[in-house]
Amino acid sequence: PQNSSGLTISPQGQVSVLLPGTTTPTTIGQIGLTRFINKAGLQPVGDKLLVGIGLGATFGDDWGLGADLGFVHLPGDVGFMKNLRWGMAIRGLGRGMDPDGDGGVSAYPEPFTPSAGLEFDLVQSKNVVLSLNSDVSMPTFQNVRFALGTELALYDRAFLYLSTGFDLNEASSGNPRVPVAFGAAFKIGTS
């Protein structure tokens with residue numbers, strides 16, 4: 001947006017800016033993959049459980065350094081849910097960036113944020129996979145955020161994404177938003 005400042009991309013891919021007249025970052029989008037990947041150095045514990053820690057840094061007028069600690073469980077096919085995977089994490093362990101200089105009151109990412117996510121394939125064929133995913137988080141136990149998304153994979157080469165989210169604090173403040181994000185990606189082979 002025009003006149004925004006302090007662009008931040010969190011370790012989870014959340015894109016935020018500071019808008020004029022505000023002291024807390026406003027989320028304007030999400031960058032990343034909807035599939036669980038091993039970017040956090042997840043280590044296997046048994047056949048279907050991964051645990052790990054992800055480290056991240058945030059820079060701007062201030063700085064932040066933190067970690068996310070969590071696990072991913074891969075139970076496989078469960079009823080109509082194919083390739084089910086779910087996980088839980090505690091995000092924002094460390095020092096959040098303090099964009100307004102109020103001593104961490106508006107730290108980003110929010111400190112100590114419990115979160116959980118679930119993803120499964122609803123349609124699975126040789127050339128088409130339709131996945132659904134959802135996430136819920138409670139930043140600093142002061143808010144509830146919910147996200148819902150889908151991914152359509154065609155021939156494991158073209159990918160279409162659609163997602164939305166809900167923020168309880170925004171809804172209760174009389175300024176509710178239901179942002180919709182979409183994206184496309186293409187995988188290009190080199191061999």
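From the N terminus on, the elements of the protein run β-β-β-β-β-β-β-β-β-β-β-α-β. This is a predicted model, in which local features need pLDDT of at least 70, side-chain atom pairs count only at pLDDT 80 or more, and totals for chains, interfaces and linings use all residues. Residues are numbered from 1 along each chain as its sequence is written, and side-chain values use heavy atoms, with hydrogens and water left out.

Student: How many helices and strands are there in the protein?
Tutor: One helix and twelve strands. Helices (H or I, at least four residues) and strands (E, at least two) are DSSP runs, numbered from the N terminus.

Student: Why is N83 called partly exposed?
Tutor: Buried means under 20% relative accessible area, exposed over 50%, and partly exposed in between (1.4 Å probe, protein chains only). N83 has 32% relative accessibility, so N83 counts as partly exposed.

Student: What makes T140 partly exposed?
Tutor: The value for T140 is 28% relative accessibility, and therefore T140 counts as partly exposed. T140 lies in the loop between β9 (128-137) and β10 (145-154). Phi of T140 is near 50°, also positive in a residue other than glycine.

Student: What percentage of the 191 residues of the protein count as buried?
Tutor: The figure is 29%.
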